[in-house]
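Thank you all for coming.

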Amino acid sequence: MRHLSRRSFSALALSTLAAPFVARRALAAGEVNIYSARHYPADETLYGLFTKETGISINVIQGTAEELMERVKLEGESSPADVFVTVDAGNLWRAQEAGVFQPTKSALLDEKIPAHYHEPDGHWFGFSTRARVFVYDKRKVKPEEMSTYEDLADPKWKGRLLVRSSNNIYNQSLLASIIEHDGAEKAEAWAKGLVANFARDPKGGDIDQIKALVAGEGDVAISNTYYFARMLSSTKEEEKKGLENLAVFFPNQGDRGTHVNISGAGVATYAPNKDNAIAYLEFMAGAQAQEIFSGANFEYPVVAGSKVSDIVASWGDFKRDEVNVSALGRNNAEAVMIMDRADWR
Ligand code: FE
């Protein structure tokens, strides 16, 4: 499908005013340009389904969130980006601050996606979630010994915790949530207590913390749910060795709920195909897309009643922290400074 400039696009809309039905059909076709920092094979399935359903073809540009943000900034007003997709509310917030998004109004998105997974002005929306949980060694820890994120700063955990480094957005967002709930002062005391309980200097990603658990280097690891699910879903027996001794614990069930983060998207500021961009976002909130988009990475769908993968479902339902995810971005800079002062490397 030929690319229409915004000028020729509005000229087309005007010239067909007398025939609204035809105009609508013309507007419904065309293309949508997606800048995505998500790279899962199932995303391709999603694109195919969207085109089949709407006739709108999809062009995808992939990169890291930082690369794509830089690209949109350099392209300026002539950016072809229609939809910007990335993981973590911290990254979505940074993209918003960089001017990547324009606010979107959609009754369908408002209805289907819980309000706490929207940026309040509609700059971006969460389409799947991940919980940041404790994965623990059942031989060393009883579930009743664990309670909250806050409790991990207690000296009883000395030398027992496995957590990745502070330069990772997932831990920054976790700390941002603690700032939001407990205030900056308590959050800093918490970070210092947590660091004092580390089993080793932080290294590797969430999967490496779980592997260290298997190797007996610690008792409790902090990880996003999908990493553990991904390990459990492996078809190679050697990759699953030792995982039978591990289990998931959802913290803060007695108060605000477990910290969850999103994978999300919004309409780009200079989107040349804005209607198609909104159509794509609305498509992602549909039942089939929800199952594919979240299931591809063992995440949780955001739309109530959508199917969850069997491994993730086996952990049962849990209470989620319902603070608006934009708070994770708003508190990000403070979280990074606190981590620095707490010597969280
Ligand atoms: Fe991840």
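Let me begin with Lys236, which counts as partly exposed because its relative accessibility is 46%. Please keep in mind throughout that this is a predicted model. The partner of Lys236 is Glu239, and their side chains meet in a salt bridge with an N to O distance of 3.8 Å. Glu239 is likewise partly exposed, its relative accessible area being 43%.

Another one joins Arg71 to Glu75, with the closest N and O atoms 3.0 Å apart. Both of these residues sit in helix H4, which covers residues 65-75, and they are four residues apart, about one turn of the helix. Arg71 counts as partly exposed, with a relative accessibility of 37%.

A pair that reaches across the sequence is Glu217 and Arg200, whose side chains form a salt bridge at 3.3 Å, N to O. Are the two partners buried or exposed? Glu217 is partly exposed at 39%, whereas Arg200, at 18% relative accessibility, counts as buried.

Now to the domains. The chain is divided into domain 1, made of 2-129 and 261-307, and domain 2, made of 130-259 and 320-341. To their contact, domain 1 contributes 22 residues and domain 2 contributes 23 residues. Their C-alpha centres lie 31 Å apart, and between them the two domains bury about 1,900 Å², of which 56% is on carbon and sulfur atoms. On the side of domain 1, His116, Asn261 and Phe298 supply 32% of the area buried against domain 2, which is more than any other three residues.

How many salt bridges are counted between domain 1 and domain 2? The count is one, alongside eleven residue pairs in polar contact. On the side of domain 1 that touches domain 2, helix H5 (89-97) and strand E8 (260-267) each supply at least two residues, and H5 gives the most, with five residues. The residues on that side divide into eleven nonpolar, eight polar and three charged.

Finally, Glu299 forms a salt bridge with Arg130, the closest N and O atoms being 2.7 Å apart. Salt bridges with shared partners join Arg38, Asp43, Arg130 and Glu299 into one network.

Key. Residues numbered from 1 in each chain as written. Predicted model: local features only at pLDDT ≥ 70, side-chain atom pairs only at ≥ 80, totals over all residues. Heavy atoms only, no water. Domains from an automatic or database assignment. Contact = heavy atoms within 4.5 Å. Buried area = accessible area lost by both parts, 1.4 Å probe. Salt bridge = Lys/Arg side-chain N within 4 Å of Asp/Glu carboxyl O. Polar contact = N/O pair within 3.5 Å; in protein donor to acceptor, adjacent residues only side chain to side chain. Nonpolar A, V, L, I, M, F, W, Y, C, P; charged D, E, K, R; others polar. Buried < 20%, exposed > 50% of the residue type's maximum accessible area, 1.4 Å probe, protein only.
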